[in-house]
Amino acid sequence: MSLFQKKDPSRVSICDTIVIGGVAGTGIKSAGKIIARALIEIGYEVFLTDEYPSLIKGGHNAVMISFSPYPVYTINREIDLLVCLDRETFDEHKGNLNSNSIVVHDPSNFKIVEKDLRDLAAEVV
């Protein structure tokens, strides 16, 4: 059972993935831990991993959370929800979106234009 409503019911997934990304120091890891804890509290099995560069200060960070009602032993690279706090997050992870993906971003921070969506079937909000 998926937490997300699938636009394409033929795509059955027993494991969903949330990715949150942005500039280092903006609370990406904390947000990931809070979401993972909430998913555990409502009964999901969770696998969380951080992606960050080997920089002393700054750079891009991302947290990936795969969850399922069943045990999860690795990250599912197919993203169901992508939360972009910067443009780099979208650019780095758009290749892992699918027709059921949802992309959340602040259009006052950066724009996702028609050419960005040409090869994607994801919904942008």
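Predicted model: local features only at pLDDT ≥ 70, side-chain atom pairs only at ≥ 80, totals over all residues.
**Layout**

I read the elements off from the N terminus and got β-α-β-β-β-α-β-α-β, which makes three helices and six strands. Helices here are DSSP runs of H or I with at least four residues, strands are runs of E with at least two, and both are numbered from the N terminus. Residues are numbered from 1 along each chain as its sequence is written, and side-chain values use heavy atoms, with hydrogens and water left out.

**Whole-chain numbers**

I looked up burial next: 37% of the 125 residues in the chain are buried. Buried means under 20% relative accessible area, exposed means over 50%, and partly exposed is in between (1.4 Å probe, protein chains only). The chain's accessible surface is about 7300 Å², with 55% of it belonging to carbon and sulfur atoms; the areas are Shrake-Rupley values with a 1.4 Å probe, and for residues only the protein chains shown count as cover. I also checked contacts (heavy atoms within 4.5 Å). Of those between residues at least 6 apart in sequence, 53% join residues at least 24 apart.

**Strand β3**

I then went to β3, residues 60-68, where nine of the nine residues are buried, so the strand is largely enclosed by the rest of the structure. H60, A62, M64, S66 and S68 point one way, N61, V63, I65 and F67 the other, and all are buried.

Which strands pair with β3? I found β1 (residues 16-23) running antiparallel to it, joined by eight bridges, and β2 (residues 45-51) also antiparallel, over seven bridges. Pairing requires at least two DSSP bridges between the strands. Two partners I jotted down: I18 bridges to I65 in β3, and T49 bridges to M64 in β3.

I35 sits in helix α1 (residues 28-41) and counts as partly exposed at 27% relative accessibility. Leaving aside neighbours within four places in sequence, I see I35 in contact with I18, I20 and I65. I35 and I65 are 30 residues apart along the chain, with C-alpha atoms separated by 8.3 Å.

**Nonpolar cores**

I looked for cores, meaning sets of buried Ala, Val, Leu, Ile, Met, Phe, Trp, Tyr and Cys residues joined through side-chain atoms within 4.5 Å. The largest has eleven residues: V19, M64, I75, I79, L82, C84, F90, L97, V103, F110 and I112. The elements giving two or more residues to this core are β4 (79-84) and β5 (97-105), and β4 supplies the largest share, three residues. Apart from this core lies another of ten residues, including I28, A36, L39 and Y44.

**Salt bridges**

How many salt bridges are there in the whole structure? I count three, taking a side-chain nitrogen of Lys or Arg within 4 Å of a carboxyl oxygen of Asp or Glu.

- D50 and K29 meet at 3.9 Å, N to O; this pair links distant parts of the chain, with D50 in β2 and K29 in α1, 21 residues apart. D50 is partly exposed at 26% relative accessibility, and K29 is partly exposed at 35%.
- R37 and E41 have their closest N and O atoms 3.8 Å apart, and both lie in α1, four residues apart, about one turn of the helix. R37 is partly exposed at 48%, whereas E41 is exposed at 59%.
- R87 and D91 meet at 3.1 Å, N to O, and both lie in α2 (residues 87-93), four residues apart. R87 is partly exposed at 25%, and D91 is partly exposed at 37%.
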